[in-house]
Amino acid sequence: MINNKEIIVKKKRYCKICGEAHYDGIMIIKSFICDNCVNSITNEEFDDKQYEDMKNKIKDILF
Ligand SMILES: [Zn+2]
């Protein structure tokens, strides 16, 4: 079985948030975010400062 994700993500991309290269992740607009960061965002496992940093980075991507 080939799913859409395997078709789209064939090579490593640099994550907009952590800056590391990963195979797995999502595209928001034209920016790649790796699964690790997506999980971090959705789990909200941040202290307040990390959460602020993350919000600012996501704003940079979206606006
Ligand atoms: Zn990342």
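This is a short talk on one predicted model, from its overall layout down to a few residues.

Confidence comes before anything else. The mean pLDDT of the chain is 79. Of its residues, 79% reach 70 or more. Where is confidence lowest? In helix α1, residues 4-8, with a mean of 56. Confidence is highest in strand β2, residues 21-22, at 93. Please keep that in mind when you look at α1.

Now the layout. The chain has 3 helices and 4 strands. Along the sequence they run α-β-β-β-β-α-α. How much of the chain counts as buried? Of 63 residues, 10%. Next, contacts between residues at least 6 apart in sequence. Of these, 17% join residues at least 24 apart.

On to the strands. β3 covers residues 25-28, and β4 covers residues 31-34. They pair in the antiparallel sense, over 4 bridges. Ile 28 stands opposite Ser 31 of β4. The two strands form a hairpin, with 2 residues between them.

Look at the turn of that hairpin. Ile 29 is found in the loop between β3 and β4. Its phi is near 50°, which is a positive value in a residue other than glycine. Why point that out? Because most residues other than glycine have a negative phi. Is Ile 29 buried or exposed? Ile 29 counts as exposed, because it has 8 C-beta neighbours inside 10 Å, and the cut-off for exposed is 12 or fewer.

Gly 25 lies in strand β3. With 22 C-beta neighbours inside 10 Å, Gly 25 counts as buried. The cut-off there is 20 or more. Which residues does Gly 25 touch, leaving aside those up to four places away in sequence? Arg 13, Cys 15, Phe 32, Ile 33, Cys 34, Asp 35 and Val 38. Take Arg 13 from that list. Gly 25 and Arg 13 are 12 residues apart in sequence. In space they are 8.7 Å apart, C-alpha to C-alpha.

Asn 39 and Gly 25 are 14 residues apart in sequence. Their C-alpha atoms are 9.8 Å apart in space. The surroundings of the two residues contrast. Gly 25 is buried, whereas Asn 39 is exposed, with 10 other C-beta atoms within 10 Å.

Last, helix α3, residues 48-62.

To recap. There is an antiparallel β3-β4 pair, with a positive phi at Ile 29 in the turn. Gly 25 in β3 is buried.

Terms used. Residues are numbered from 1 along each chain as its sequence is written. This is a predicted model: local features need pLDDT of at least 70, side-chain atom pairs count only at pLDDT 80 or more; totals for chains, interfaces and linings use all residues. Two strands pair if DSSP finds at least two bridges between them. pLDDT is the predictor's confidence in each residue, from 0 to 100. Two residues are in contact if their C-beta atoms, placed from the backbone, lie within 7 Å. The expected span of a helix is 1.5 Å times one less than its number of residues.
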